[in-house]
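Here are my notes on the model, point by point. Please keep the structure open while you read.

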Amino acid sequence: MNFFDAVGGEPTFRKLVDEFYAGVATDPLLRPMYPEEDLGPAADRLTLFLIQYWGGPNTYSAQRGHPRLRMRHAPFRVGPAERDAWLHHMRRAVDSLDLSADLHTTLWDYLERAAYFMVNTMDDGPAGPAGPTNGLKTA
């Protein structure tokens, strides 16, 4: 049995992402990073990505191609504050799932590593689109 099946399949990942975006919706640092009025499309993309990553159907790649996570996040300023806010909401979402300790740890460890990997600047500044330098300091 793969991880996707072990945690309960699609319903578990939908719950995880719904809980996560409930926090993002009111977060003053993260919400500006989502230009869409409705967070639904972003939630669908994250859900499909996680389902595929953990061994479920490859619908994400069929619809959007290779994940290319860093490239897809490059237009946004992702610094330590954004990372920590993202981790705060994701931790609450993971903790809301009824997972065994081993599955919980496996999921959280991946999400934490992914959040650190997405950081593209160490500068303080507002969240949202990073501008022409993709959030990287040029001077």
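1. Element order. Read from the N terminus, the elements of the protein chain run α-α-α-α-α-α-α. That is seven helices and zero strands. Bear in mind that this is a predicted model.

2. Burial and surface. The protein chain has 139 residues, and 43% of them are buried. Its accessible surface is about 7,700 Å². Carbon and sulfur atoms account for 55% of that surface.

3. Contacts along the chain. Take the contacts between residues at least 6 apart in sequence. Of these, 68% join residues at least 24 apart.

4. α6 against α7. Helix α6 covers residues 80–95, and helix α7 covers residues 101–118. They pack at an angle of about 165°, and their axes lie 10 Å apart. Angles over 145 degrees count as roughly antiparallel, so α6 is roughly antiparallel to α7. The crossing of this pair is right-handed.

5. Who meets whom in α6 and α7. From α6 come Arg83, Trp86, Leu87, Met90, Arg91, Val94 and Asp95. Facing them in α7 are His104, Leu107, Trp108, Leu111, Glu112, Ala115 and Tyr116. By class, the residues of this α6 and α7 contact are nine nonpolar, one polar and four charged.

6. Arg83. Arg83 lies in helix α6. Leaving aside residues up to four places away in sequence, Arg83 touches Ala115, Tyr116 and Val119. Ala115 and Tyr116 are also among the α7 residues that meet α6.

7. α2 against α6. Helix α2 spans residues 10–24. It packs on α6 at an angle of about 140°, with the two axes 8 Å apart. Roughly antiparallel needs an angle over 145 degrees, and roughly perpendicular runs from 65 to 115. The pair is therefore oblique. This crossing, too, is right-handed.

8. Who meets whom in α2 and α6. On the α2 side are Leu16, Glu19, Phe20, Ala22, Gly23 and Val24. On the α6 side are Trp86, His89, Met90, Arg92, Ala93 and Val94. The residues of this contact divide into eight nonpolar, two polar and two charged. Trp86, Met90 and Val94 meet α2, and these three residues also meet α7. When you look at α6, view it with both partners: α2 and α7.

9. Thr12. Which residues does Thr12 touch, not counting residues up to four places away in sequence? They are Val7, Leu97 and Leu99. Thr12 lies in helix α2. Its relative accessible area is 14%. That is under the 20% cut-off, so Thr12 is buried.

10. Tyr60. This residue is found in helix α4, which covers residues 59–64. Tyr60 has a relative accessible area of 4%. The buried class takes values under 20%, so Tyr60 is buried. Now check Leu48. Tyr60 and Leu48 are twelve residues apart along the chain. Their C-alpha atoms are separated by 5.1 Å.

11. Where to look again. Start with the α6 and α7 pair, roughly antiparallel, and then turn to the oblique α2 and α6 pair.

Definitions and conventions: Residues numbered from 1 in each chain as written. Predicted model: local features only at pLDDT ≥ 70, side-chain atom pairs only at ≥ 80, totals over all residues. Heavy atoms only, no water. Helix = DSSP H or I, 4+ residues; strand = E, 2+ residues; numbered from the N terminus. Buried < 20%, exposed > 50% of the residue type's maximum accessible area, 1.4 Å probe, protein only. Contact = heavy atoms within 4.5 Å. Areas by Shrake-Rupley, 256 points an atom, 1.4 Å probe, with all protein chains shown as cover. Axes fitted to C-alpha atoms, helices over the stretch in contact; angles between N-to-C directions. Parallel < 35°, antiparallel > 145°, perpendicular 65-115°, else oblique. Left-handed = near helix turned anticlockwise from the far one by under 90°. Nonpolar A, V, L, I, M, F, W, Y, C, P; charged D, E, K, R; others polar.
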